[in-house]
Amino acid sequence: MLNELLERAQYYDIDTKVEGITNHLPMALIALDRLGASPERLEEYFAYYSEKLKPLQYSSYDKNFNWLEHLGDKDKFNVYLSFYSDQISLVGIKLALSTYIDKLIQGCAASAFHALIRLSYGIIQENYKEIAFGLAHMSSYFLPLPVPVRRNIKPEGVINNALRTFSNYVAVGDSVTKRITDISERPEFSSVNYYPADLSLGACSTLFSKLYLQSHDFTVLHTVTSAHAMRVLLPYINDKDTALKSYWSAALAAIISIKDLKFNIITESEYSGNLNVKKVINSNDDHTIKLVFSCIEEYQYYNDANHLKILNIKY
């Protein structure tokens, strides 16, 4: 049932009918399935969410198409989709990913991490068309940020220093992506864009889960789910150091963009063990569904209770 619904979902554009709002349907369907949703519930969710979507317009590419030349050109999404679909058919998923991901991950802030997340869900599901969608989304919405400078500072220190520096500035933009871009273009960003020595993806995952526990903020939510996505992609990335630097810089800009955010290193909340998965499965909130799925996956991988604690917030 899931693969059939994904095939039907792939006839829709990556954005909803509301400009600037990303289509979450394939990701939510995969998360629901992994959480144990019935075929009937998947069909019901598809019917509900697809009402928000618009048809996809397909485009072909010519033999001279150079994928590097058009990075960040949103009008080329459909061309990229055709290109990556053919590349995966020719060389397979693993080789296609390893060929393109090292460059694309340097613009992982694309669509507020949604391109990265959709790609990771395609990998989880081993669905070559979803992987093509993810690669095309990352390419056409490619958003590289300044390279961070390595410093012997703890990640918490980098975040708190950045929040203090930007405490009197309100990021401009009506979307997470626009606010990330605004922050990254401010001259002050270069003075706080530090990369903690010996930073690991696991440390990022734990840090972002703590920050979400304290803030319950929508933008921080995307750092939690994107850390999960990065973990899924990491085995296919050759230059892991550059990839993590790019991801950290993007996550830092996202965090700075949040108005009046405070971060205390100590988190006092406890996990009650009362997660009602059925309630999540019956939710129509795509971000809730994806967050719960990511937190369960991250807890199973890292055994970090902070991800379980997040599940107490409203589930």
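**Helices H1 and H3**

H1 covers residues 2-9 and H3 residues 39-50; they pack at an angle of about 10 degrees, with axes 10 Å apart. H1 is therefore roughly parallel to H3, a term used for angles under 35 degrees.

**Basis of the model**

The model is predicted: local features need pLDDT of at least 70, side-chain atom pairs count only at pLDDT 80 or more, and totals for chains, interfaces and linings use all residues. Residues are numbered from 1 along each chain as its sequence is written, and side-chain values use heavy atoms, without hydrogens and water.

**Helix H14**

H14 runs over residues 286-302, and its 17 residues reach 24 Å from first C-alpha to last, close to the expected 24 Å (1.5 Å times one less than the number of residues). Of these residues, 12 are buried, that is, under 20% relative accessible area with a 1.4 Å probe, protein chains only. Among them are Asp286, His287, Lys290, Phe293 and Glu298.

At the N-terminal end, aspartate 285 caps H14, with a side-chain oxygen 3.0 Å from the backbone nitrogen of histidine 287. Asparagine 303 follows H14 and has a positive phi, near 55 degrees.

**Helix H12**

The 17 residues of H12 (residues 240-256) should span 24 Å, and the end C-alpha atoms are 24 Å apart, which agrees. Because 14 of the 17 residues are buried, H12 is largely enclosed by the rest of the structure.

Terms used
Helix = DSSP H or I, 4+ residues; strand = E, 2+ residues; numbered from the N terminus. Buried < 20%, exposed > 50% of the residue type's maximum accessible area, 1.4 Å probe, protein only. Polar contact = N/O pair within 3.5 Å; in protein donor to acceptor, adjacent residues only side chain to side chain. Axes fitted to C-alpha atoms, helices over the stretch in contact; angles between N-to-C directions. Parallel < 35°, antiparallel > 145°, perpendicular 65-115°, else oblique.
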